Amino acid sequence: METPFFCPVGTAGSVKGVTPAELRELGAGVLLANTYHLFLRPGAETVRDLGGLHRFMAWDGPIITDSGGFQVFSLGFGMEHGVGKQIGMFPGEERPRGQAAKLVRVDENGATFTSHIDGTRQRLTPETSIAIQEALGADIVLAFDEPTSPLHDADYTRQAMDRTHRWAERCLAARRRDGQALYGIVQGGAFAELRSASARFIGGLPFDGVAIGGSLGKSKADMHAVLDWSMLHLPTAWPRHLLGIGEPEDLFACVERGVDQFDCVAPTRLGRHGQLYTADGRLQITGSEHREDPRPIQDGCGCYTCGAGFSRGYLRHLFAANELLAYTLASLHNLYFVLDLMRRIRLAVCAGELSELRDEFLARYGVAYAAPGVSPQSAGGQ
Ligand SMILES: [Zn+2]
């Protein structure tokens, strides 16, 4: 794969509303699927018995699976509002009046959590995460980590980072399958000292690449600072994946900071909510002002939706009528927009013209640019 590249996300083994043939047509190269979701449903053994993830979802291109850590712990973050971090309780366990049950409990060996599907108690460890990802059979797999939220303080973030480092070594030791690249994950929240320490530690282990995970702070500036603190300490030969990021305006600032791989559900999720990318910024197609609009989403766009001549008025109608085609046509356009932008970024990098493309794109897209530079020692007021 030529880098930098963007991975459409097939959460449960499917990029929602889009066929593999359409993904090929859009120029997608690598897909990312979520271990957490496939582990819970249909189960890793089922995917393996049906020929592995490539055959299961009929995608013969490269696939990345994440470790499950992000979904396991992000389920817990949402439940922690107003709940003490140390109160680890599950549905059915006695708890103080008015406090919500905590969905995830972490210990040195792994994480126990409650399935969002059927409420059953489940467990992931570094060893089981690797075994599950080997059964799924993706080309790039990720080490099991404990991401933290922006609400976690420095003390807890350090504990989680140290645990992630111990888990990283266990993931390496647990590898049984050849031909799968294993990436380590840098944690450390939005704390300069922790991010640098994590990048040095993970960068010293025999991984094949690295992903930047966890809390990227509370703003774009925080995210850029986290990258500045991390990248410096990573092996230059490693591909670097920024987990869960991929809005058009993010791509420039992150590529300039050394990110090679992106994944993000935004193009399909926003598309299903009627938000469409255009060169002039996002368009909300469900608005009544589009009722009589005969124009395509974007003049000159190379996607199927625009090329076939679907008007804004027709797309608005599809959303208003809850027609399934609305989601497909919107997702096709948004994915094309991001994949095409990534393609232009690759060409611009090769031609030494990235800053020209960035200035031209962002001026019209309407987002201010944040130049790479020396970031302060803390971010997000922490
Ligand atoms: Zn289009």
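Does His 241 count as buried or exposed, and at what relative accessibility? I looked this up before anything else. His 241 counts as buried, because its relative accessibility is 2%; buried means under 20% relative accessible area, exposed over 50%, and partly exposed in between, with a 1.4 Å probe and protein chains only.

Basis. I am working from a predicted model, in which local features need pLDDT of at least 70 and side-chain atom pairs count only at pLDDT 80 or more, while totals for chains, interfaces and linings use all residues. Residues are numbered from 1 along each chain as its sequence is written, and side-chain values use heavy atoms, with hydrogens and water left out.

Entry on His 241. I placed His 241 in strand E11, residues 240-242. Strands (E, at least two residues) and helices (H or I, at least four) are DSSP runs, numbered from the N terminus. I found a polar contact of 2.9 Å between the side chains of His 241 and Gln 261. A polar contact is a pair of N or O atoms within 3.5 Å; within protein, one must be able to donate a hydrogen and the other to accept it, and residues adjacent in sequence count only if both atoms are side-chain atoms. Beyond four places in sequence, I listed contacts of His 241 that include Cys 7, Ile 64, Tyr 183 and Asp 263; contact means heavy atoms within 4.5 Å.

Entry on the sheet. I read the strand order of the open sheet as E1-E12-E11-E10-E9-E8-E4-E3-E2, nine strands with parallel pairing. E1 (5-7) and E2 (9-10) stand at the edges with a single partner strand each, so one side of each has no neighbour in the sheet. Two strands pair if DSSP finds at least two bridges between them. E4 (residues 63-65) and E8 (residues 140-142) pair over two bridges, and Ile 64 has Ile 140 as its bridge partner.

Entry on the zinc ion. I found Cys 301 (SG), Cys 303 (SG), Cys 306 (SG) and His 333 (ND1) coordinating the zinc ion at 2.1 to 2.4 Å. Donors are N, O and S atoms within 2.8 Å of the metal (3.2 Å for Na, K and Ca); water is not among the atoms, so sites may look incomplete. The site is tetrahedral, with angles of 103 to 115 degrees among the four donor atoms; four donors count as tetrahedral if all angles lie between 85 and 135 degrees. Cys 301 lies in the loop between strand E14 (281-284) and helix H12 (304-307) and His 333 in helix H14, so the pair ties together parts 32 residues apart in sequence. I noted both Cys 301 and His 333 as buried.

Methods: Four donors count as tetrahedral if all angles lie between 85 and 135 degrees; four count as square planar and six as octahedral if opposite donors are over 155 degrees apart and all others between 65 and 115; anything else is irregular.
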